Amino acid sequence: TTLLCALAAYGSAATRAGAAAAIAAATPQERSVLVRGSGGGTVASLAERDAAVRAGLAAGIGPAPTQVHSARYATGQQLIGDVGAAVPDADGLVIASVTALAGLDQHADLVAGGWPGPGARSTPTGPTGDATPAVAVGEAAARTIGLTVGDLVPVGDRLTRTTRTVVVSGIWRPRDPTDPYWLLAPEAGTGATAGGATYGPFVVTPADFDAHFAGLASAGWLAEPDLAGIDVDALARVGVAAEALAGTLPPRTGLGDSALISTDLDRLALRLRLADLVGRST
């Protein structure tokens, strides 16, 4: 009887340990929910949608408390002049991924220079007399394009047909490339989008983004539920809740048809459910 009880206890403990290991080794997509959508066309509408999505996600996904990260993305920003080893698209364009990444300094390490602060400028004005927004550039993109701290980079806005100069205040690299946070900036690892001609990220402060890049901007939110110590049944409820967000979140936040919600949490939950059944049967 003692032997059988010990074996049953060992099997249960092994199953729990295996589930914890599987969660720790899961892909970023299996540990998070990524939401992308239109910013609404104005700074005010972008702020409203940001608040609504954060409120909808911060309440938690199923039984798991959830941390929410956010980003804003400029549209139609083109690098002008010398682009180093960057490869243009079929139209001869090299696109700059200009974004405001909330909490970047908590997930990346500076290689050189400093983070752009609120209203930070390396020079008082740009060549045309306009204020020069400071940007922190991902190391991989900076290496490809050939950028160093202090460089002035002309960026053309293909929507307004104007050119703005930004100044490189710092260069950074991801602290942990497997962190789900980088789903908000998938080009950070290699410096460019897979199979595309978009390079970056070129990260500005939220204030500078609103002042210079908010026209037709889009936004992204990453919900990262706390899966530490969660059991298989609770994880199954998290997976169901994550899958249900596609139907409930867009109409409540103003994103509507522009919303794109992606997650593999449900796949992780199913995989662990099957592993749990096998462990119990064994």
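**Reading contacts, charges and strands**

Modeller: Asp-157 touches Thr-75, Gly-76, Gln-77 and Thr-162, leaving aside residues up to four places away in sequence. Contact here means heavy atoms within 4.5 Å.

Colleague: What kind of model is this, and how are its residues numbered?

Modeller: It is a predicted model, in which local features need pLDDT of at least 70 and side-chain atom pairs count only at pLDDT 80 or more, while totals for chains, interfaces and linings use all residues. Numbering starts from 1 along each chain as its sequence is written, and side-chain values use heavy atoms, with hydrogens and water left out.

Colleague: Where does Asp-157 lie, and is it buried or exposed?

Modeller: Helices (H or I, at least four residues) and strands (E, at least two) are DSSP runs, numbered from the N terminus. Asp-157 belongs to strand E7 (residues 152-157). For burial, under 20% relative accessible area is buried, over 50% is exposed, and in between is partly exposed (1.4 Å probe, protein chains only). Asp-157 is buried.

Colleague: What does Arg-158 touch?

Modeller: Arg-158 is in the loop between E7 and E8 and is partly exposed, at 33% relative accessibility. Not counting residues up to four places away in sequence, Arg-158 touches Gly-76, Gln-78 and Leu-93. With Gln-78 there is a side-chain polar contact of 3.4 Å. That term covers a pair of N or O atoms within 3.5 Å; within protein, one must be able to donate a hydrogen and the other to accept it, and residues adjacent in sequence count only if both atoms are side-chain atoms. Arg-158 and Gln-77 are 81 residues apart in sequence, yet their C-alpha atoms are 6.3 Å apart.

Colleague: How many salt bridges are there, and what does the one between Glu-30 and Arg-271 tie together?

Modeller: The count is 6 salt bridges. In one of them, Glu-30 pairs with Arg-271, the closest N and O atoms being 2.8 Å apart. Glu-30 sits in the loop between helix H1 (2-24) and strand E1 (33-38) and Arg-271 in helix H6 (residues 265-281), so the pair ties together parts 241 residues apart in sequence. Glu-30 is buried at 10% relative accessible area, whereas Arg-271 is partly exposed at 38%.

Colleague: Where do Arg-175 and Asp-109 lie?

Modeller: These two form a salt bridge, with the closest N and O atoms 2.9 Å apart. The pair links distant parts of the chain, 66 residues apart: Arg-175 is in the loop between strand E8 (162-174) and strand E9 (198-203), and Asp-109 is in strand E5 (residues 108-113). Arg-175 is partly exposed at 45% relative accessibility, and Asp-109 is partly exposed at 32%.

Colleague: Which residues have the most contacts inside the largest nonpolar core?

Modeller: In soluble globular proteins, nonpolar side chains tend to be buried together. A nonpolar core is a set of buried Ala, Val, Leu, Ile, Met, Phe, Trp, Tyr and Cys residues joined through side-chain atoms within 4.5 Å. The largest here has 52 residues, and Leu-57, Leu-79, Phe-202 and Leu-235 have the most contacts inside it. Helix H5 (residues 232-253) supplies the largest share, 6 residues. Apart from this core lies another of 16 residues, among them Leu-34, Leu-101, Leu-183 and Val-203.

Colleague: Which strands pair with E1?

Modeller: Two strands pair if DSSP finds at least two bridges between them. E1 runs antiparallel to strand E10 (residues 218-225), with 6 bridges, and Val-35 stands opposite Trp-221 there. E1 also pairs with strand E11 (residues 260-263), antiparallel, over 4 bridges, where Val-35 stands opposite Ile-261.

How values were computed:
Salt bridge = Lys/Arg side-chain N within 4 Å of Asp/Glu carboxyl O. Lys, Arg positive; Asp, Glu negative; His and termini not counted.
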